[in-house]
Amino acid sequence: MIWTCTILLSTNCEGDEMARITCPYCFASMPRRAVQFRCQGGAPGRGKGCPPRVDEALARYLDSTVAATLPPVFTADGRRQRATCPSCGQETFRRVCPECHNQLPAQYCETTSKIVALVGAKNAGKSTYIAVLLHELEHRLGAELNTSLVACDDRTIDRYHNDFARPLFNEHRLLPTTQSAATAIRWPMVYLLTRRRRRLMGVRDTSLTLVLFDTAGEDLDRRDSVDLHLRYLIAADAIIFLVDPLELPGAAADTRAEARAVAGVDSALSSPLEVIGRVTEVLRSANELRSGQRLRVPLAVALTKIDALQPRLERQSPLHRPRPRTGTLDLTDREAVHEQVRALLHGWNAEGLETFLEHNYGQYGLFGLSALGGVPRNGVIASGGIRPYRVEDPLLWLLYQFGMLDGVRR
Ligand SMILES: Nc1nc2c(ncn2[C@@H]2O[C@H](COP(=O)(O)OP(=O)(O)OP(=O)(O)O)[C@@H](O)[C@H]2O)c(=O)[nH]1
Ligand SMILES: [Mg+2]
Ligand SMILES: [Zn+2]
Ligand SMILES: [Zn+2]
């Protein structure tokens, strides 16, 4: 069982990168000028416009003709923010992906993308991680990194509120298992993250679009959803791989009994090595790598649920020290955490994972995090509430890799 989740980070870069765009819904990559427009249609006070009709491409994506009955799509210069419908003469601002015909958020079209795919086995903690990471970005991290986070479309606002924030933060309930794409359409959540940085020449804003997909563990195994998931992975500029330490057989002695009691049941199907093996195989063949060649995509491998580790491991562990909140990537801390996770994997006889990473990835970092900060009981968050711990580390490292965050050595 393999799960993927994808984050797209877009920056307002110049040059070649600006020439192409990746659709956050179907992951097709296209030149910007190939982006199409949808007629605004008729509305009181706006003139007649083209009548709605079934949009076959969108109907295929939505698996519904009702939701895909809309005014027509037409071709014009997609680098522009507006175009005139050749049939009715009305001006429209609605830009759509030429492949799946989903509307592209306006801010999304003005930036280029860096795609980060999140991958993990079933029950690895992906949905919880997304929920808490967004919450942290919006609240605590915003102030530290001088960033603001704005949802780009209404679906994003609704989904975050209904599927993530309300159950977890308001009702203190754990999130349900994510439904497979076979039974529910998975809308990505698209955010614009703007960072204000002081530079010698004054203040400079850098914007990134952050697109989060939350899909079910089994989706990569299903034939009908495989294509889309492979496209996510292949389009990725970086990967975050979540590993539940409770799924590593060697870690049992180092984890709390109460955490093991609520751990996943189908560990045979979701061994982390099996998941990363499958993902790597896909990437290697897409990149046509020969034996001995390594993937260039940066990979962050994060142990989730580290609150489930035995308290005795906390002593002097860099992993259990809070991240220094300096608004930069603390490289000294980064190396110490990497080494600590490495030592844990070795202690758990899971060094095979590291050997595998070493052979296949030119650049990888090891992380440890906890979204909840405590072991939940009977489907309810621990009484101390949600106390996230180092959830932002992989993202900060990736921002650093992308040149969007400074690294400082102490
Ligand atoms: N101790 C601890 N448990 C966690 C944490 N995050 C998630 N869990 C547990 O792991 C379970 C699965 O978390 P999810 O976020 O739903 O995992 P997922 O990877 O989205 O699972 P699927 O959607 O089924 O693939 C939760 O119900 C919790 O019991 C954490 O930070 N600490
Ligand atoms: Mg989930
Ligand atoms: Zn598309
Ligand atoms: Zn029209």
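Predicted model: local features only at pLDDT ≥ 70, side-chain atom pairs only at ≥ 80, totals over all residues.
Residues are numbered from 1 along each chain as its sequence is written, and chains are lettered from A and ligands numbered from 1 in the order in which they are written. Local features need pLDDT of at least 70, side-chain atom pairs count only at pLDDT 80 or more, totals for chains, interfaces and linings use all residues, and side-chain values use heavy atoms, with hydrogens and water left out.

Ser127 belongs to helix H3 (residues 126–138) and Thr178 to the loop between helix H5 (154–170) and strand S13 (189–199), so the pair ties together parts that are 51 residues apart in sequence. Helices (H or I, at least four residues) and strands (E, at least two) are DSSP runs, numbered from the N terminus. Ser127 counts as buried at 10% relative accessibility, and Thr178 is buried with a relative accessible area of 16%, where buried means under 20%, exposed over 50% and partly exposed in between (1.4 Å probe, protein chains only).

H3 also packs against H5: their axes come within 10 Å and cross at roughly 90°, which makes H3 roughly perpendicular to H5. Axes are lines fitted to C-alpha atoms, for helices over the stretch in contact, and angles run from 0 to 180 degrees between N-to-C directions; those under 35 degrees count as roughly parallel, over 145 as roughly antiparallel, 65 to 115 as roughly perpendicular and the rest as oblique.

Helix H9 (residues 331–347) and helix H10 (residues 351–360) pack at about 125°, with axes 7 Å apart, and H9 is therefore oblique to H10.
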